[in-house]
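Please keep the structure in view while reading.

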Amino acid sequence: MHFADVDNIINGLRLRLEDSVRKRLIADVPVGVFLSGGLDSSLIAAIAAKYKNPLHSFAVGVEGSNDLKNARVVADYVGTIHHEFIYTEEDIKKVLPKVIYHLESCDPALVRSAVATYFVSKLASNYVKVILSGEGADELFSGYHYLKNYTNPWKLQSELKYITRNLHNTNLQRVDRMTMAHSIEGRVPFLDIEVLRYAFKITPSFKINGREKTEKWILRKLAENYLPESIVWRRKEKFAIGTGTSEILNKIAESEISDAEYIKNRFLPNGFEIKSKEELYYFKILKRFFNVDSFIKDMGRSRSLNDNQIYA
């Protein structure tokens with residue numbers, strides 16, 4: 001069975017997501033929210049603010065980054081006690097080995113976002129012991145740009161199920177490792193079993209919808225009840241891009257790895273292909289801490305960076 005009525009879908013999703021957030025606010029220690037100013041974290045923050053007052057929210061990024069600006073808008077709108085940390089290129093260079101050590105991965109997409117998650121987890125640890133995150137919404141509701149390439153809605157749904165099943169060694173690995181590195185517990189309301197089951201009953205064409213192929217369309221329609229229009233219809237930006245981290249890391253990798261070094265070391269003896277100079281840079285750091293060859297073939301890799309599947 002698949003749901004096809006928009007108003008009923010929105011109402012059912014609202015009930016399940018609010019229930020999920022309420023459950024994850026229950027704790028005998030302080031609870032807060034990560035707030036990037038993107039759709040997913042903003043929706044979780046808006047719902048959490050209905051049931052918890054005061055509520056602390058946390059945002060990070062480089063000076064002038066989109067996430068910092070949009071997070072301020074949301075924090076003011078929903079009424080959280082908001083905290084920020086602005087970091088620099090030197091800060092990134094300093095923590096990168098620690099991030100890769102805790103992450104146990106050299107996948108570029110994970111490392112980029114893990115840096116920002118490391119900083120925001122450190123910030124939050126000064127105020128709370130439990131943190132709510134918006135992870136999972138992109139997988140359930142089709143948030144990544146490469147998913148727009150699917151013309152067959154049921155193959156899209158199959159891809160969403162694939163990336164959701166593999167969250168344990170991609171984005172959930174990142175959130176778990178970076179929060180635990182600072183002794184706080186990350187909770188993910190979007191991945192409540194009832195929300196997850198409901199999401200996969202929604203007609204796929206409501207996830208990417210319209211002439212513009214708007215991603216997470218049905219979730220945006222729900223969010224209209226909670227957030228300002230500028231946030232609801234904000235274009236999707238990955239965490240590393242919104243915080244300004246991705247461009248800096250790519251620049252660092254370009255300066256550290258020459259074309260010749262990349263060509264020479266692109267293929268490992270076990271056949272594993274390192275797909276960019278950035279990934280090779282992270283791989284070299286990872287090798288300082290672990291016997292990477294023993295687990296690299298099982299390492300999670302972002303489909304949005306390395307997607308070679310057939311779209312139809």
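Axes are lines fitted to C-alpha atoms, for helices over the stretch in contact, and angles between N-to-C directions run from 0 to 180 degrees. The model is predicted. Two helix pairs come first, then one residue.

**H5 with H8**
- Helix H8 covers residues 171–180, and H5 packs on H8 at about 30 degrees, with the axes 9 Å apart.
- The crossing of H5 past H8 is right-handed.
- From H5, the contact takes in Leu-110, Ser-113, Ala-114, Thr-117, Tyr-118 and Ser-121.
- From H8 come Asn-171, Arg-174, Val-175, Met-178 and Thr-179.
- The H5–H8 contact counts five nonpolar, five polar and one charged residues.

**H4 with H5**
- Helix H4 (residues 89–103) packs against helix H5 (residues 108–124) at about 105 degrees, and their axes are 9 Å apart.
- That angle makes H4 roughly perpendicular to H5.
- H4 contributes Asp-91, Ile-92, Val-95, Leu-96, Lys-98, Val-99, Ile-100, His-102 and Leu-103.
- H5 answers with Leu-110, Val-111, Ala-114, Val-115, Tyr-118 and Phe-119.
- Twelve nonpolar, one polar and two charged residues make up the H4–H5 contact.

**Val-74**
- Val-74 sits in helix H3, residues 66–78.
- Is Val-74 buried or exposed? Val-74 counts as buried because its relative accessibility is 0%.
- Beyond neighbours within four places in sequence, Val-74 contacts Leu-35, Gly-37, Ser-42, Gly-79, Leu-227 and Ile-231.
- Ile-231 lies 157 residues from Val-74 along the chain, yet their C-alpha atoms are 7.7 Å apart.

How values were computed. Residues are numbered from 1 along each chain as its sequence is written. This is a predicted model: local features need pLDDT of at least 70, side-chain atom pairs count only at pLDDT 80 or more; totals for chains, interfaces and linings use all residues. Side-chain values use heavy atoms; hydrogens and water are left out. Helices (H or I, at least four residues) and strands (E, at least two) are DSSP runs, numbered from the N terminus. Angles under 35 degrees count as roughly parallel, over 145 as roughly antiparallel, 65 to 115 as roughly perpendicular and the rest as oblique. Contact means heavy atoms within 4.5 Å. Ala, Val, Leu, Ile, Met, Phe, Trp, Tyr, Cys and Pro count as nonpolar, Asp, Glu, Lys and Arg as charged, and the others, Gly among them, as polar. A crossing is left-handed if the near helix is turned anticlockwise from the far one by less than a right angle, and right-handed if clockwise. Buried means under 20% relative accessible area, exposed over 50%, partly exposed in between (1.4 Å probe, protein chains only).
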